[in-house]
Amino acid sequence: MSHSPHPDSNYNHQIVNCAVVTVSDTRTIETDKSGTTIQQLLTNNNHKVADYKIIKDEPTQIQEYLELLSENKQLNAVIFNGGTGIAPRDTTYDAIEKLLDKTLPGFGEIFRYLSYQEIGSRAIASRAIAGIYQQKLIFSLPGSSNAVELAMKKLIIPELIHLVGQIKS
């Protein structure tokens, strides 16, 4: 499937303002390889990291921080990483899914399909999700660096400008 050029000549040069949130009980700024990878990939693709934070895997903290970020009118997207598995401390999916105004089921489906090609049947344990909350694009990725890199390079970066444009129109 080929993509025709976008009618707006500035389309490929738009800057998307993003927040990066690592959900972890153990990571620090120094050890947060996945959060660092997300930030680097965003800035390498001319997007802006307007906010970065590490929060505990506590549903209330996750929801409160998402609500706080949603008040920032300049922010277009929030990318969470961590807490998407099925272990008892993995609560990101549960916290975020309840708040989404709309979901993008294709994101999780395609992410798991791509993950399956890399890690096999273990991909079924991923509860990666995306959607819209308060006019912001929300992605929730697993915490592994490989998963983050896959999601960012194959799905998020290629569609970020288009999806943000869809929300605004």
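How much space lies in the second largest pocket? About 270 Å³. Let's look at that pocket and at the helices beside it.

## About the model

This is a predicted model, in which local features need pLDDT of at least 70 and side-chain atom pairs count only at pLDDT 80 or more, while totals for chains, interfaces and linings use all residues. Residues are numbered from 1 along each chain as its sequence is written, and side-chain values use heavy atoms, with hydrogens and water left out.

## The second largest pocket

A pocket is an open set of points on a 1 Å grid over the protein atoms alone, where a 1.4 Å probe fits and protein lies on both sides within 12 Å along at least five of seven lines. Its volume is the space filled by probe spheres set on the points.

Helix α4 (105–119) gives the largest share of the lining, 4 residues; helices here are DSSP runs (H or I, at least four residues), numbered from the N terminus. By type, the lining has 7 nonpolar, 7 polar and 2 charged residues, where Ala, Val, Leu, Ile, Met, Phe, Trp, Tyr, Cys and Pro count as nonpolar, Asp, Glu, Lys and Arg as charged, and the others, Gly among them, as polar.

## Helices α4 and α5

The axes of α4 and α5 (lines fitted to C-alpha atoms over the stretch in contact, with angles from 0 to 180 degrees between N-to-C directions) come within 10 Å and cross at roughly 125 degrees. That makes α4 oblique to α5; under 35 degrees counts as roughly parallel, over 145 as roughly antiparallel, 65 to 115 as roughly perpendicular and the rest as oblique.

In contact (heavy atoms within 4.5 Å), α4 residues including Phe107 and Phe111 meet α5 residues including Ala147 and Leu150.

## Helices α1 and α5

Helix α1 (residues 33–44) and helix α5 (residues 145–168) have axes that come within 10 Å and cross at roughly 25 degrees. The two are therefore roughly parallel to each other. Among the contact residues are Ile38 and Leu41 of α1, and Val148 and Met152 of α5. This contact divides into 7 nonpolar, 3 polar and 2 charged residues.

Terms used:
1 Å grid on protein atoms, 1.4 Å probe; cavity = no way out; pocket = protein on both sides within 12 Å on 5 of 7 lines; lining within 4 Å.
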